[in-house]
Amino acid sequence: MTPLYHDLSGETVLVFGGGSVGARKARGFDEAARVVVVSPAFDERLLSLADGDGDRDAAVELVRAAPEASDVADWIDRLDPALAVAATDDAAVNAAVESAALDGGILVNRTDVSGGRDPGSVVVPATVEDDPVTVALSTGGTSPALAKALRERIEAEIEGAGEMAALSGAIREELKADGVAPEKRREAVRRVVRSRGVWKGLQKGRSYGRQEADTVIEEVLDR
Ligand SMILES: C[C@@]1(CC(=O)O)C2=NC(=C\c3[nH]c(c(CCC(=O)O)c3CC(=O)O)Cc3[nH]c(c(CC(=O)O)c3CCC(=O)O)/C=C3\N/C(=C\2)[C@@H](CCC(=O)O)[C@]3(C)CC(=O)O)/[C@H]1CCC(=O)O
Ligand SMILES: NC(=O)c1ccc[n+]([C@@H]2O[C@H](COP(=O)([O-])OP(=O)(O)OC[C@H]3O[C@@H](n4cnc5c(N)ncnc54)[C@H](O)[C@@H]3O)[C@@H](O)[C@H]2O)c1
């Protein structure tokens with residue numbers, strides 16, 4: 001399987017099935033996209049997501065309906081999603097979601113099967129995020145429980161990576177603007193992102209990280 005990242009902002013994700021899996025998928029996508037869940041019944045977590053759930057501005061939309069397999073293509077046509085999620089407990093409906101999505105040229109995530117897939121039929125990975133850094137993890141469908149366990153380990157491992165991305169991204173731009181030769185610039189940025197001192201400094205605050213980074217950069221540029 002080949003991992004790719006998608007920007008779903010401004011797009012719709014259409015989830016069929018409002019049970020525990022549909023709720024998890026809705027929760028996973030609702031910060032990135034408009035999420036609509038179609039189902040005859042809804043998990044409690046979905047009902048609270050639909051209420052706005054505290055300070056999250058994106059509310060999930062719930063549509064109470066039980067589409068037959070033969071209706072699914074119409075729902076997809078009407079809501080025009082970028083991604084359809086098949087999360088009902090009815091295998092025929094899930095299969096109809098998959099074929100209608102693939103016929104319509106949109107992505108589909110089938111939650112009730114694992115293993116090989118047609119192009120356009122995607123797996124949702126376990127994800128760790130420290131904005132703008134995201135780590136996506138899949139076991140190729142073999143062991144979702146392992147994907148979750150590994151995700152929990154990586155969560156601790158990438159703590160502070162978002163700050164480091166912001167700092168090293170800014171340094172990269174500054175060195176470019178200062179006309180530093182590409183070789184030196186790359187070496188400086190590579191050393192900054194590997195420096196224990198910079199990582200530690202960032203834990204105390206952005207300006208401490210910046211100070212540590214400046215020392216590393218001077219060492220590289222003075223040589
Ligand atoms: C990563 C994650 C993302 C997410 O769902 O958002 C995700 N599953 C998660 C958790 C999880 N899922 C299951 C358990 C119970 C333990 C177990 O059975 O293993 C647990 C763990 C738990 O709940 O503790 C059961 C399960 N999952 C699938 C089936 C159907 C089948 O295998 O046929 C069944 C059996 C149903 C049954 O028979 O009862 C299928 C898929 N689940 C996937 C993703 C895709 C492959 C990902 C990969 O390549 O690793 C794939 C193929 C399709 C898809 O959904 O995209 C999320 C972790 C979120 C996190 O990070 O916390
Ligand atoms: N991907 C995963 O991580 C994962 C985990 C567990 C189970 N599963 C699989 O995913 C499926 C759903 O699991 P669940 O635990 O959420 O089940 P669930 O029974 O809790 O939820 C199924 C939902 O689908 C709804 N539904 C039924 N018919 C529908 C229709 N025609 N249109 C729209 N919605 C309809 C039901 O009202 C219910 O809300 C199961 O088939 C299971 O095999 C996947």
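These legends walk through close-up views of a predicted model, one region at a time. Local features are described only where pLDDT is at least 70, and side-chain atom pairs count only at pLDDT 80 or more, while totals for chains, interfaces and linings use all residues. Residues are numbered from 1 along each chain as its sequence is written, and chains are lettered from A and ligands numbered from 1 in the order in which they are written.

**View 1. The chain splits into two domains.** Domain 1 covers 12-124, and domain 2 covers 161-222. Those bounds come from an automatic or database domain assignment. Between the C-alpha centres of the two domains there are 42 Å.

**View 2. Five strands line up in an open sheet.** Reading across, the order is β3-β2-β1-β4-β5, with parallel pairing. At the edges sit β3 (61-64) and β5 (107-110), each pairing on one side only. From one strand to the next, the twist averages 20 degrees. Helices and strands here are DSSP runs numbered from the N terminus (helices are H or I with at least four residues, strands are E with at least two). Two strands count as paired if DSSP finds at least two bridges between them. Zoom in on β1 (residues 12-16) and you'll find five bridges to β2, in the parallel sense. One spot to look for is Thr-12, whose bridge partner in β2 is Arg-34.

View 3. Angles run from 0 to 180 degrees between N-to-C directions, and axes are lines fitted to C-alpha atoms, for helices over the stretch in contact. Contact between two residues means that their C-beta atoms, placed from the backbone, lie within 7 Å.

**View 4. A hairpin links β6 and β7.** Strand β6 (residues 126-130) and strand β7 (residues 133-137) run antiparallel and are joined by five bridges. Two residues carry the chain through the hairpin. Look for Asp-130, which stands opposite Val-133 in β7.

**View 5. Ligand 2 sits among 21 residues.** The closest are Gly-17, Gly-19, Val-21, Thr-88 and Thr-111. A residue is near a molecule if its C-beta atom, placed from the backbone, lies within 6 Å of it. Both α1 (20-29) and β2 (34-39) supply at least two residues of this shell, and α1 gives the most, with three. By class, the shell has 10 nonpolar, eight polar and three charged residues. Here Ala, Val, Leu, Ile, Met, Phe, Trp, Tyr, Cys and Pro count as nonpolar, Asp, Glu, Lys and Arg as charged, and the others, Gly among them, as polar.

**View 6. Ligand 1 is surrounded by 22 residues.** Closest to ligand 1 are Ser-114, Ala-126, Ser-138, Pro-144 and Ala-147. The biggest share comes from α5, with five residues. This shell divides into eight nonpolar, nine polar and five charged residues.

**View 7. Helices α7 and α9 pack together.** Helix α7 (residues 182-194) and helix α9 (residues 206-222) meet at an angle of about 145 degrees, and their axes are 9 Å apart. On the α7 side, Lys-184, Glu-187, Ala-188, Arg-191 and Val-192 make the contact; on the α9 side, look for Ala-213, Val-216, Ile-217, Val-220 and Leu-221. Sorted by class, this contact has seven nonpolar, no polar and three charged residues.
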